[in-house]
Amino acid sequence: MAGDSCKDVLERATTDNPLSDASRAHLLRRRAGSLLFAGNQEEALEVAREAQGVAQSCNEWAACAAAASTIAIEQMEQSKITEARESMLAGLEAARKHGARIEEAMLLSNVWMLGFPPDSPYSARRCYEGSLPIFRELGNMRFEALTIGNLGYICLEENDLVAARAQCEE
């Protein structure tokens, strides 16, 4: 599992063979994501907060934004919606401010989970519409396709059959 590999690298780093803070931040945020995916929520939150702190201290904004997303998802799992929104939007702001494009797109793809109303700039449709051009710009076809599919589903839910069909055909 990726989280175990990250843990091994983090544990093997020594004063004679240290990791840079940036490398440590990225390994911690990857480990946090793996822990969250594996269902180890408490440890994931702890590691994500450590990753965020390390990332902020060395201005590694991509890792900081990714850690914020992990923190927000765990807060949402704990029904701490206000805190989750704050974490997610702070991560999104950091990603935008510092040009962490893939993290910006990923955060936009996750923000909708926090239940923003349809007229909000953070509604599901608007978030997916915002992330899609970034995935295209970066050539990330996997997430481009997922986003198009999600947009098609949202358009269908909104009874916008013309847009739903266009998304599905794409």
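How close do the axes of α7 and α8 come, and at roughly what angle do they cross? The axes of α7 and α8 come within 9 Å and cross at roughly 155°. This is a predicted model, where local features need pLDDT of at least 70, side-chain atom pairs count only at pLDDT 80 or more, and totals for chains, interfaces and linings use all residues. Residues are numbered from 1 along each chain as its sequence is written, and side-chain values use heavy atoms, with hydrogens and water left out.

**A few terms**
- Helices are DSSP runs (H or I, at least four residues), numbered from the N terminus.
- Axes are lines fitted to C-alpha atoms over the stretch in contact, with angles from 0 to 180 degrees between N-to-C directions.

**α7 and α8**
- Their angle makes α7 roughly antiparallel to α8 (over 145 degrees; under 35 would be roughly parallel).
- The crossing of α7 with α8 is left-handed (the near helix is turned anticlockwise from the far one by less than a right angle).
- Tyr128, Leu132 and Phe135 are among the α7 residues that meet α8, whose partners include Phe143, Ile148 and Leu151; contact means heavy atoms within 4.5 Å.

**α2 and α3**
- The axes of α2 and α3 (residues 41-57) come within 8 Å, crossing at roughly 160°.
- That makes α2 roughly antiparallel to α3, and the crossing is left-handed.
- The contact includes Leu28, Ala32 and Leu35 of α2, along with Val47, Ala51 and Val54 of α3.
- By class, the contact of α2 with α3 has 11 nonpolar, 1 polar and 6 charged residues.

**α4 and α6**
- With axes 9 Å apart, α4 and α6 pack at an angle of about 15°.
- That makes α4 roughly parallel to α6.
- α4 and α6 also have a left-handed crossing.
- Ala62, Ala65, Ala66, Ser69 and Ile73 of α4 touch Glu103, Leu107 and Asn110 of α6.

**The largest pocket**
- The largest pocket has a volume of about 700 Å³, the space filled by probe spheres set on grid points joined across faces, edges and corners.
- Of its 26 lining residues, the closest to the centre are Ser69, Ile73, Met106, Asn110 and Phe143.
- On a 1 Å grid over the protein atoms alone, a pocket is an open set of points where a 1.4 Å probe fits, with protein on both sides within 12 Å along at least five of seven lines; lining residues have an atom within 4 Å of a point.
- α2 (21-37), α4 (61-77), α6 (101-111), α7 (124-138) and α8 (141-157) each supply at least two lining residues.
- The lining has 14 nonpolar, 8 polar and 4 charged residues.

Definitions and conventions. Nonpolar A, V, L, I, M, F, W, Y, C, P; charged D, E, K, R; others polar. Parallel < 35°, antiparallel > 145°, perpendicular 65-115°, else oblique.
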